[in-house]
Amino acid sequence: MNSGCNEYRVNHHVNISHEQQALITRVIARAGQLLQAYNAESRIIEQTTERLGMAFGLESVEIALTSKAIILTSRFGDHCITTTRTMKAHGIDMGIVCEVQRICILAEKQIYDLEQIKQRLDNLAVPKYDSVIVACFVALSCACFSHLFGGDSIIFICTWLTSFIAMRIRQWLTQLHHNLLTVFFITAFTATFIGSFASGFGWGNEPELIMVTSVLQLVPGFPLINAVSDMVKGHVTIGMARWMTATLLTLASTLGIVLAVQLAQQGGWL
């Protein structure tokens, strides 16, 4: 793909003014900012920004990533422009990541010009899903795990209900813009505490499964995968930052589980 970008630049003999280079740099930085905000892999951010720069005639694009910002430098002839963009995390959304990559391909194929690319990046719509439906399916996945681990139909239903309540609380806290560690702590505590009542009343064949499986919704799998991938591919700094974030989220969840278990034991129903 990069060779195609080089060919496009050479064949068209692009002559870029300093003002045009600055505009191109801002558009590329916006693309990189979106990719990082929605948890794209670092290598994808590097490749996409480089491809966009080459598609618009730049000689090179170099980018440095940190956990909260990107630093991007574009070069054309004797002119270098460096810009920095801070990043606000928006959660995981591979739809946005794929859309930015699709926009990059449109630029490489000369279907969209720079202004059209800028407008599409600025007007990217984040899909909105009904929160109740999301909670239902998240709870269903936890309930399915309880069944796979040997739980009967009562365990399945109780796990679904416990996970649904915990997920709704998680969504509510997220909407209130609470710290993510607090959200994970309270969600884990709620799921474990509600699930502990099944042990006290002896519901189902293995009531402990409700407490175990209802908190699986909090496993930070995607950040951990990205962290390992980044470190393997040489992005050690941002990989370590992502790994530490996932570790802290796991620790917050663990503390919530431990506190709920302790309270349930002191209450005498566990």
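View 1. At 27% relative accessibility, Trp160 counts as partly exposed, whereas Phe164, at 18%, counts as buried. Buried means under 20% relative accessible area, exposed over 50% and partly exposed in between, with a 1.4 Å probe and protein chains only. The model is predicted: local features need pLDDT of at least 70, side-chain atom pairs count only at pLDDT 80 or more, and totals for chains, interfaces and linings use all residues. Residues are numbered from 1 along each chain as its sequence is written, and side-chain values use heavy atoms, leaving out hydrogens and water. Trp160 and Phe164 both lie in helix α7, four residues apart, about one turn of the helix. Helices (H or I, at least four residues) and strands (E, at least two) are DSSP runs, numbered from the N terminus.

**View 2. The aromatic pairs.** Rings of Phe, Tyr and Trp (its six-membered ring) pair if their centres lie within 6.5 Å; planes under 30 degrees apart count as stacked, over 60 as edge-to-face and the rest as tilted. By this rule there are five aromatic pairs. The ring centres of Phe145 and Phe149 are 6.1 Å apart and their planes stand at 35 degrees, so this pair is tilted. For Trp160 and Phe164 the centres are 5.2 Å apart and the planes at 10 degrees, so the pair is stacked. One aromatic cluster is formed by Phe189, Phe193 and Phe197.

**View 3. The hairpin of β1 and β2.** Strands β1 (residues 60-65) and β2 (residues 69-76) run antiparallel and are joined by six bridges; strands pair if DSSP finds at least two bridges between them. Three residues lie between the two strands of this hairpin. Leu65 has Ile70 in β2 as its bridge partner.
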